[in-house]
Amino acid sequence: MTSEPFTLRWGILATGGIAKTFTKDLLVDPATRSATDIRHEVVAAASSTSASHAQDFLTFLNLPTAKAYGSYAALVSDPNVDIIYIATPHSHHYANARLALVANKHVLVEKPITVNAAQAQILHDIAREKGLFLMEAVWTRFFPLATEVCKIVEEGRLGEVKRVWADLSFWNDVEREFGVGHRMVNMDLAGGALLDLGVYSLTWVFQILYHILPAAQKGNPSVASSITKYKATGCDEMTSMILTFPPDGAHGIATTNIRVATDVNPEHPSPAPIRIQGTLGDLTIAAPCYRPTSYTLIPASSASRGTPASFSYQTVEHEVPGGGHGMFWEADECARCIRDGKLESEVMPVEESVAVMRVMDEVRKQGELVYSTAFESVEWGE
Ligand SMILES: NC(=O)c1ccc[n+]([C@@H]2O[C@H](COP(=O)([O-])OP(=O)(O)OC[C@H]3O[C@@H](n4cnc5c(N)ncnc54)[C@H](OP(=O)(O)O)[C@@H]3O)[C@@H](O)[C@H]2O)c1
């Protein structure tokens with residue numbers, strides 16, 4: 001006898017670009033990715049401007065029976081909602097996530113989880129205390145390719161991993177495309193390359209040099225970094241970080257930039273943005289690193305030492321099924337964790353989101369990049 005799939009009922013908080021992409025993915029039939037144990041239902045959405053704006057969002061997504069709210073507070077009070085997906089600018093993640101947790105809702109909050117580590121830690125504490133699920137929406141980690149890559153490293157197939165390079169950068173005409181008000185560069189929305197894009201470079205470094213280590217070996221990395229600011233707003237337009245991880249001093253080199261690109265010309269592919277270097281060879285991951293669909297194994301080889309690795313040169317391709325973007329895998333993780341009474345995901349634990357935020361705090365300290373007191377603060381009023 002097959003049991004009914006567990007249904008997770010979503011409330012979407014914000015109506016912008018990524019809220020649309022994520023919600024579309026919730027509507028993809030889970031069977032297209034062989035998920036038969038869970039399903040998703042979008043029961044409501046809220047806009048901070050008006051209920052009619054939220055209604056437009058739901059109409060666009062062809063969700064005629066979902067409820068439209070004109071305030072985030074009304075959404076989190078809806079008894080039919082199990083989990084709130086937060087897709088506001090970074091500056092608002094802490095306040096919005098706290099609002100949802102206080103209203104006893106589980107939370108999936110877009111990356112970066114908050115503006116700083118202190119805020120992330122408070123969300124973690126509240127979720128724990130209230131027995132609620134909390135996760136940062138680092139969707140990349142839930143791609144089957146990411147799981148496969150971590151397994152290859154964990155099994156020691158690359159030998160001892162000594163260095164991970166990771167870049168996420170975009171070639172923008174910053175003045176023309178963003179000006180000063182766009183959330184990518186607006187300091188009042190916690191703009192800048194680091195928090196928006198650098199978080200992906202860091203997630204790859206952390207997955208390999210932190211996440212998969214046994215608990216006793218895990219430790220915070222030391223950080224050396226450099227920031228160059230966008231003169232018009234003061235946000236970071238270019239940030240480079242060298243992290244040194246315990247226990248053996250492996251290096252993670254994480255970079256991000258909003259003026260030069262990881263992949264600069266579609267006709268002439270650039271070197272892979274993610275390069276994991278072990279003593280037996282490399283594993284590279286093709287762009288885009290946030291939506292990974294191809295990796296290559298390259299065994300180390302020389303005339304004198306031969307080719308000691310157990311793998312041969314090969315490229316492995318994956319597809320994102322069901323015509324989706326690939327955000328449904330993180331949603332499935334939320335459903336399974338909540339069904340099973342887990343307060344956090346083992347793939348993206350909140351403790352690790354806090355550890356990554358701690359690195360970003362240190363990088364911003366070294367580069368003297370401070371957001372307004374209102375958004376750095378842990379104070380919160382309903
Ligand atoms: N995972 C990913 O691949 C991915 C991709 C892009 C962005 N993101 C993350 O998602 C978040 C939102 O990004 P986005 O690209 O969707 O941004 P966006 O298109 O500008 O949408 C943000 C939405 O937040 C709401 N909002 C509330 N207060 C706001 C304020 N003061 N200023 C502007 N908007 C406000 C607005 O919706 P209502 O007021 O109508 O509710 C707005 O439409 C960011 O934290 C970003 O890092 C993730």
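Begin by selecting Pro247, which is found in the loop between strand E9 (236-245) and strand E10 (250-257). The model on the screen is a predicted one. Display the backbone at this place: a cis peptide bond joins Pro246 and Pro247, and its omega is about 5°.

The next stop is Asn62. Select the loop between helix H2 (51-60) and strand E3 (67-69) to find this residue. Asn62 is not a glycine, yet its phi has a positive value, near 60°.

Two elements each give two or more residues to the shell around the ligand: helix H1 (17-26) and helix H8 (193-211). Colour the two domains separately, with domain 1 as 6-138 + 327-345 and domain 2 as 144-319. Each of these domains supplies at least three residues to the shell around the ligand.

Select the residues of the shell itself. There are 24 residues surrounding the ligand, and the closest are Thr15, Ser47, Ser48, Tyr72 and Lys111. Colouring the shell by class shows 10 nonpolar, 10 polar and 4 charged residues.

- Glu110: an N or O atom in its side chain is 3.1 Å from a nitrogen atom of the ligand.
- Trp139: a polar atom of its side chain lies 3.2 Å from an oxygen atom of the ligand.
- Tyr200: its side chain has an N or O atom 3.1 Å from an oxygen atom of the ligand.

Finally, show the surface of the ligand. How much of the ligand does the protein bury? Taken alone, the ligand exposes 890 Å², and the protein buries 76% of that area.

Definitions and conventions. Residues are numbered from 1 along each chain as its sequence is written. This is a predicted model: local features need pLDDT of at least 70, side-chain atom pairs count only at pLDDT 80 or more; totals for chains, interfaces and linings use all residues. Side-chain values use heavy atoms; hydrogens and water are left out. A residue is near a molecule or strand if one of its heavy atoms lies within 4 Å of it. A polar contact is a pair of N or O atoms within 3.5 Å; within protein, one must be able to donate a hydrogen and the other to accept it, and residues adjacent in sequence count only if both atoms are side-chain atoms. Accessible areas come from the Shrake-Rupley method with a 1.4 Å probe; for residues, only the protein chains shown count as cover. Helices (H or I, at least four residues) and strands (E, at least two) are DSSP runs, numbered from the N terminus. Ala, Val, Leu, Ile, Met, Phe, Trp, Tyr, Cys and Pro count as nonpolar, Asp, Glu, Lys and Arg as charged, and the others, Gly among them, as polar. Domain bounds come from an automatic or database domain assignment.
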